[in-house]
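Trainee: Could you take me through this structure feature by feature, giving the general idea before each case?

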Amino acid sequence: MQEMALGTAGYFDSRSAAERYAQGRPYFHPQVVRLIGQHLSLAALVPRALDVACGTGLSTVALKPVAREIVGADVSEEMIRLAPADAQIRYVVAPGEDLPFPDAHFDLLTVCAAFHWLDASAFLGEARRVLRVGGHMVIYEHAFAGKMEENLAFHSWLKHVYLKTYPTPPRPRRPMPQTIEEGGFRSLGEDHSESTFTFSLDRLVDYLVSQSNVIAMVEGGGQPIEQVRAWLIEHIHPLFQGGEERSFIFGGPIWYFVRP
């Protein structure tokens with residue numbers, strides 16, 4: 001993503017950013033989808049599911065065990081271009097605030113780690129429109145906790161060095177699930193998902209350069225990606241001494257809603 005002046009779409013429009021996103025993001029989504037199926041008691045496949053702000057399709061592909069037909073929608077054509085082809089899935093380039101689908105068309109709608117980029121009022125109006133009555137919406141996060149299990153110094157470096165050098169772009173912080181309920185949905189409670197990923201130094205750098213703060217710097221013209229990668233390797237390498245791989249925790253809430 002680029003500087004906020006470019007708009008939300010600008011953060012993910014470039015091919016370089018999309019490629020880094022596809023390469024660097026960990027695939028935690030099946031774990032979350034299993035919890036979704038359990039929480040909503042999905043004994044059979046739902047007929048149609050929509051994954052809004054699907055990015056490169058990781059969150060979309062993960063819906064295959066719970067939905068017969070799946071659509072992934074994202075505002076970035078470059079992200080969609082890198083989504084994996086699948087007979088069960090169709091991808092469309094469209095913003096979450098203006099969805100090109102008929103009324104009451106979907107049984108399930110998901111948003112993974114993207115609600116904060118959407119215009120809440122416009123998106124929730126569209127979500128109500130495209131979901132059938134009784135259809136479910138699930139919004140979830142699975143954020144990087146910033147902690148290396150083998151070296152606690154990593155968290156301090158991330159907070160005081162990395163995020164000072166590459167600050168997180170400003171974005172709305174909305175109370176959940178209050179915002180969704182005010183948008184016309186009824187809350188069905190929430191879960192929490194947590195997972196641990198083992199990264200080599202290069203794999204960790206691949207992940208960090210897929211984050212929105214680095215994308216904002218690079219695509220906004222602040223630094224070339226090669227310079228960012230070199231800076232990251234120089235600073236992180238000492239924290240990897242004594243081992244080739246390190247363990248990192250990801251996790252976050254899963255919010256469930258129904259369209260009354």
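**Reading helices, packing and buried residues**

Mentor: Let us begin with a bend, since helix H6 bends by about 30° at Lys159, where the bend is the angle between axes fitted to the seven residues ending at a residue and the seven starting there. Please keep in mind that this is a predicted model, in which local features need pLDDT of at least 70 and side-chain atom pairs count only at pLDDT 80 or more, while totals for chains, interfaces and linings use all residues. Residues are numbered from 1 along each chain as its sequence is written, and side-chain values use heavy atoms, with hydrogens and water left out.

Trainee: What span is expected for H6, and what does the helix reach?

Mentor: Helices (H or I, at least four residues) and strands (E, at least two) are DSSP runs, numbered from the N terminus, and the expected span of a helix is 1.5 Å times one less than its number of residues. H6 covers residues 153-165, 13 residues in all, and reaches 17 Å from its first C-alpha to its last, which is close to the expected 18 Å.

Trainee: Which residues of H6 are buried, and what covers them?

Mentor: Buried means under 20% relative accessible area, exposed over 50%, and partly exposed in between, using a 1.4 Å probe and protein chains only. In H6 the buried residues are Phe154, Trp157, Leu158 and Tyr162, and their cover includes strands E6 (143-148) and E8 (245-258) together with helices H8 (201-208), H9 (212-219) and H10 (225-236).

Trainee: How is the packing of two helices described?

Mentor: Two packed helices are described by the angle between their axes and the distance between the axes. The axes are lines fitted to C-alpha atoms, for helices over the stretch in contact, and the angles run from 0 to 180 degrees between N-to-C directions. Angles under 35 degrees count as roughly parallel, over 145 as roughly antiparallel, 65 to 115 as roughly perpendicular, and the rest as oblique. H6 and H10 pack at about 165° with their axes 12 Å apart, and H6 is therefore roughly antiparallel to H10. The contact (heavy atoms within 4.5 Å) is made by Trp157, Val161, Tyr162 and Thr165 of H6 with Trp231, Leu232, His235 and Ile236 of H10.

Trainee: At what angle do H1 and H9 pack, and how far apart are their axes?

Mentor: Helix H1 (residues 15-24) packs against H9 at an angle of about 155°, with the axes 10 Å apart, so that H1 is roughly antiparallel to H9. On the H1 side the contact is made by Ser16, Ala17 and Arg20, and on the H9 side by Ile215, Val218 and Glu219.

Trainee: Which value of phi does Ser41 have, and where does the residue lie?

Mentor: Ser41 has a positive phi of about 50° although it is not a glycine, and Ser41 lies in the loop between helix H2 (29-39) and strand E1 (46-52). Ser41 is exposed, with a relative accessible area of 59%.

Trainee: Is His142 buried or exposed, and what does His142 touch?

Mentor: His142 lies in the loop between strand E5 (131-140) and E6, and at 7% relative accessibility His142 counts as buried. Not counting residues up to four places away in sequence, His142 touches Phe28, Val32, Ser193, Glu194, Ser195, Phe250, Gly251 and Gly252. His142 and Ile254 are 112 residues apart in sequence, but 8.7 Å apart in space, C-alpha to C-alpha.
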